Amino acid sequence: MKSKKKYHVGKVIVEIDNTPKQKFMVLRMRMDNWLKKNKNLPMHRIEMRGYRDDVDRFNKLKELFEVHRPNFIKKKHKMEVNRLFRKYE
């Protein structure tokens, strides 16, 4: 039996299995929620530039986790995903 994990995204509680695909779904929801809260920031602000860079990195990491086998994924990739999770809490 797989363990379930709960995440708070905005005012919603999302319960998922511990699969990379679902974790990336929650991370994307958190990033979209952050953008919704900060939609009035101008695009040239450092926070918005950081968000754009994070979205690009998110897409690359998601592809890496979906396409390649788990033994190819290194600790630095997992740490990068964790950094994004912490940033967009």
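The model is predicted: local features need pLDDT of at least 70, side-chain atom pairs count only at pLDDT 80 or more, and totals for chains, interfaces and linings use all residues. Residues are numbered from 1 along each chain as its sequence is written, and side-chain values use heavy atoms, with hydrogens and water left out.

**Overall layout**

The protein chain has three helices and two strands. Their order from the N terminus is β-β-α-α-α. Helices (H or I, at least four residues) and strands (E, at least two) are DSSP runs, numbered from the N terminus. Along the principal axes, the C-alpha atoms fill a box of roughly 45 × 30 × 15 Å.

The protein chain has 89 residues, and 29% of them count as buried. Buried means under 20% relative accessible area, exposed over 50%, and partly exposed in between (1.4 Å probe, protein chains only).

Contact means heavy atoms within 4.5 Å. Among contacts between residues at least 6 apart in sequence, 35% join residues at least 24 apart.

The chain carries 26 positive and 11 negative charges, and their mean positions are 3 Å apart. Lys and Arg count as positive, Asp and Glu as negative; His and the chain ends are not counted. Each charge is placed at NZ of Lys, CZ of Arg, CG of Asp or CD of Glu.

The expected span of a helix is 1.5 Å times one less than its number of residues. Both helices below reach close to that span.

| Helix | Residues in helix | First to last C-alpha | Expected span |
|---|---|---|---|
| α1 | 18 residues | 26 Å | 26 Å |
| α2 | 22 residues | 32 Å | 32 Å |

Helix α2 covers residues 46–67. Its buried residues are Met48, Gly50, Tyr51, Asp54, Val55, Phe58, Leu61, Leu64 and Phe65. They pack against α1 (20–37) and α3 (75–87). In α1, the buried residues are Phe24, Val26, Leu27, Arg30, Met31 and Asn33. These pack against β1, β2, α2 and α3.

**The nonpolar core**

A nonpolar core is a set of buried Ala, Val, Leu, Ile, Met, Phe, Trp, Tyr and Cys residues joined through side-chain atoms within 4.5 Å. The largest such core holds 19 residues; Phe24, Val26, Leu27, Met31, Leu61, Val81 and Phe85 touch the most other members. Two or more residues come from each of β1 (4–9), β2 (12–17), α1, α2 and α3. Helix α2 gives the most, with six residues.

**Selected residues**

Leaving aside neighbours within four places in sequence, Leu61 is in contact with Phe24, His77, Glu80, Val81 and Leu84.

His77 lies in helix α3. His77 is buried, because its relative accessible area is 10%. Not counting residues up to four places away in sequence, His77 touches Arg57, Leu61, Leu64 and Phe65.

Glu47 sits in α2. Its relative accessible area is 33%, so Glu47 is partly exposed. Beyond neighbours within four places in sequence, Glu47 is in contact with Trp34 and Leu41.

Lys62 is also part of helix α2. Lys62 counts as partly exposed at 31% relative accessibility. Lys62 and Pro20 are 42 residues apart along the chain, yet their C-alpha atoms are separated by 8.4 Å.
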